[in-house]
Amino acid sequence: MNKVGFLTIGQSPRSDITPTFTEIFNKDINIVERGALDSLNEVELLTVLARNEKNTSISRLRDGRSIIIDRRKLLPLLQMELSKLEQEVDMVIVLSTDDFPILTCEKPIFYPNRIVTKMSSAMADQPKLGLIIPLEEQRSTMLKKWEDISDDITIAVASPYDYGNFEEAAHYLRDYRVDLIVLDCMGYNEEHREVVRKESGILTILPRTLVAGIVLECL
């Protein structure tokens with residue numbers, strides 16, 4: 001039986017994400033989950049909170065709360081949990097569309113941000129790109145992340161964790177007549193995609209289903 005590791009930047013288990021993967025895999029797969037913040041108690045969680053607008057990531061705690069994290073404090077915790085996880089599984093999926101280029105792993109590791117950006121570039125050269133992101137504070141980071149894919153990027157903000165207004169975001173991107181919309185966070189789900197697709201009428205990419213489909217080819 002294949003063992004697949006899920007590494008989240010928040011806390012595991014990710015009961016909001018895992019069902020999507022198990023449904024698409026539709027195989028007898030053993031999933032092992034770990035999170036960068038798993039070892040932290042309530043007081044220690046306060047030490048990793050983002051204090052300014054730079055280097056922020058957002059994720060979910062196991063009780064359903066969202067947390068905005070300082071990436072500089074996140075990376076060593078993420079690597080620590082990854083080093084444990086890779087000893088238990090055959091491959092690892094990072095449950096984040098953030099870019100983590102310095103992670104070390106001896107097992108095959110899937111980075112959703114690389115999958116989604118490459119897929120988008122394969123669909124069109126320099127598309128008019130619409131992004132929906134969780135936090136306004138991530139705008140500059142996201143523009144830099146996607147600058148090689150498109151020089152025409154429009155961003156709307158709607159959090160998957162805090163009742164973001166997806167209809168408003170979809171209308172905003174529709175009015176800018178973008179060619180493609182990417183929901184740039186693993187926290188977005190199928191319902192979010194359907195709302196955006198229906199309200200905008202524009203092709204919409206959901207990273208979690210895209211990644212699950214690609215990983216399925218390797219199982």
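Which residue does D184 meet in a salt bridge? I looked up the pair and found K145, with N to O at 3.0 Å. I count a salt bridge when a side-chain nitrogen of Lys or Arg is within 4 Å of a carboxyl oxygen of Asp or Glu.

I note that this is a predicted model, where local features need pLDDT of at least 70, side-chain atom pairs count only at pLDDT 80 or more, and totals for chains, interfaces and linings use all residues. Residues are numbered from 1 along each chain as its sequence is written, and side-chain values use heavy atoms, with hydrogens and water left out.

I placed the D184 pair next. D184 sits in the loop between β9 (180-183) and α7 (190-200), and K145 in helix α5 (residues 139-146), 39 residues apart. Helices (H or I, at least four residues) and strands (E, at least two) are DSSP runs, numbered from the N terminus. I checked accessibility too: D184 is buried at 2%, and K145 is partly exposed at 23%. Buried means under 20% relative accessible area, exposed over 50%, partly exposed in between (1.4 Å probe, protein chains only).

I then turned to E88. Its side chain meets that of R34 in a salt bridge, 2.9 Å from N to O. E88 lies in the loop between α3 (71-85) and β5 (91-94) and R34 in strand β2 (residues 30-35), so the pair ties together parts 54 residues apart in sequence. E88 is partly exposed at 31%, and so is R34 at 22%. I also found R34, E81, K84 and E88 linked in a network of salt bridges.

Last, I looked at R193 and E194. Their closest N and O atoms are 3.8 Å apart, in a salt bridge. R193 is buried at 16%; E194 is partly exposed at 39%. My total is 16 salt bridges.
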